[in-house]
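These are my notebook entries on a structure I looked up. The sequence and the model come before the entries.

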Amino acid sequence: MTWLKHEYDKIPGTYVFDGKTSHAAYALNKMLFSFNHEENRQEFDQDEEAYAIKFGLTDAQKSALLSGDFLGLLRMGANIYYLAKLALPRGVSVQDAGAAFQGITTEEFIENLAKRSEGFEEELVKLGGYWNG
Amino acid sequence: MARIVGGVTTSHIPVIGNAMANGLENDPYWKRFFDGYEPVKAWLEEVDPDIAIVIYNDHGLNFFLDKVPTFAIGCADQYDNADEGWALPTISSFKGDAEFSWHLAESLINQNFDMTTCQEMLVDHGFVVPMGLMWRHLPDWPVKTVPLAVNTVQHPLPSAQRCLALGRALGKAIESYPEDHKVVIFGTGGMSHQLQGERAGLIDVDFDLKCMESVINNPEWLAGLSNTEIIEKAGTEGIEVIMWLVMRGALHPNVNVVHKHYHAPVSNTGAGVLVLENAKD
């Protein structure tokens, strides 16, 4: 009974969703998957704790869920695409979630995205052949 | 015989779907991104395909984590979109071509790619957003479709090399179909982005552009990277770029570039567009 280690485990700030994670968080992700249906989202809104209990979340997962701790949920195995089913219908964008993971504001997160892309037009000119309007 | 008219790469991120639904194409944030699709739309009108094969990953609409096929192909006459919990509008249905799909499945399996065949298949934003980018200006979808889903969600994922090899087999499968279909292939997803963890928000323009040039001229370079190497550079969700290699593999070794376009940031990602045709031998 051994989970093998992987090279990707060493990438900092990154939680690769693999068999080990998916196995550990199956109930949590099953609950998040249920949010594909509006009636389930409504049922969750009426009593979040009861809904979490119905899906068999651990106490730690439940506590992270009820306090809106996205990083905690991620570390406990929530798949990011499934976590989006909790976030997006409530108006929490992927930038809001990214900011929460890093403990910065959404504005700062968006600014960082722009900074990392700065100068791309010059690179396109250097490579040549790229469309530019 | 069926003929490949070309391949297109495109982002499929959901916020593009929302921007299209809300008519934001001329908004300053979006304008350069969307304008770069006009040549793609013009090319599609010119080559006039009958069928689009859309290579994408399902993000938890058709497949839950109870069953995750590495490669799955739709084999139905219709594909529906549905609520995927991402606050997106539901899009009208897409026509399929069951006979063509089953031929592809059979040919791929005979070439040792053990596809999962799906006679009911809900298609999520990974499929729907590219279709909208290409043809939302028309009253109806002008093509029949074949959804081909690659697992990029739950590791172990197929390698980049395996995706390229799948594409090569797909090319043979298409070209061995006796009807005179004109087929376009969309390789969707990417480019660099990571939605999760403390490393969320990475964008690597240099790596993205290396990937684009590689897909055109030397797909073996990208195909030679391990999934860990791609994740280190492009992020956990940027791994989707391996799906571009399925499209590229289906084309001939030498291609002509009809169009290339890159923009960043688009939401959390770098967004790359390629239109490639087989070079005349």
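**Entry 1: a strand pair in chain B**

I began with strand β9 (residues 255–266) of chain B, which pairs with strand β10 (residues 269–278) of chain B in the antiparallel sense over nine bridges. I took two strands as paired if DSSP finds at least two bridges between them. Helices (H or I, at least four residues) and strands (E, at least two) are DSSP runs, numbered from the N terminus. In this pairing, His261(B) is opposite Val273(B) of β10(B). I then looked at the turn: β9(B) and β10(B) make a hairpin with two residues between them, and Ser267(B) in that turn has a positive phi of about 55 degrees.

**Entry 2: basis of the numbering and the model**

The model is predicted: local features need pLDDT of at least 70, side-chain atom pairs count only at pLDDT 80 or more, and totals for chains, interfaces and linings use all residues. Residues are numbered from 1 along each chain as its sequence is written, while chains are lettered from A and ligands numbered from 1 in the order in which they are written.

**Entry 3: chain A overall**

I found 10 helices and zero strands in chain A. Its radius of gyration (over C-alpha atoms) is 19 Å, well over the 14 Å that the globule rule (2.2 Å times the number of residues to the power 0.38) gives for 133 residues, so chain A is more spread out than a compact globule. The C-alpha trace of chain A spans about 55 × 40 × 25 Å along its principal axes.

**Entry 4: α8(A) against α9(A)**

I noted that the axes of these two helices, α8(A) and α9(A), come within 8 Å and cross at roughly 100 degrees. Axes are lines fitted to C-alpha atoms, for helices over the stretch in contact, and angles run from 0 to 180 degrees between N-to-C directions. α8(A) and α9(A) are therefore roughly perpendicular (65 to 115 degrees) to each other. Residues in contact (C-beta atoms, placed from the backbone, within 7 Å) include Gln95(A) and Ala99(A) from α8(A), and Phe109(A) and Ile110(A) from α9(A).

**Entry 5: chain A against chain B**

How many residues does the contact take from each chain? I recorded 46 residues from chain A and 43 residues from chain B. On the side of chain A that touches chain B, the helices that each supply at least two residues are α2 (26–34), α7 (80–87), α8 (94–102), α9 (106–117) and α10 (120–127). The largest share, six residues, comes from α9(A).

Terms used. Two residues are in contact if their C-beta atoms, placed from the backbone, lie within 7 Å. Angles under 35 degrees count as roughly parallel, over 145 as roughly antiparallel, 65 to 115 as roughly perpendicular and the rest as oblique.
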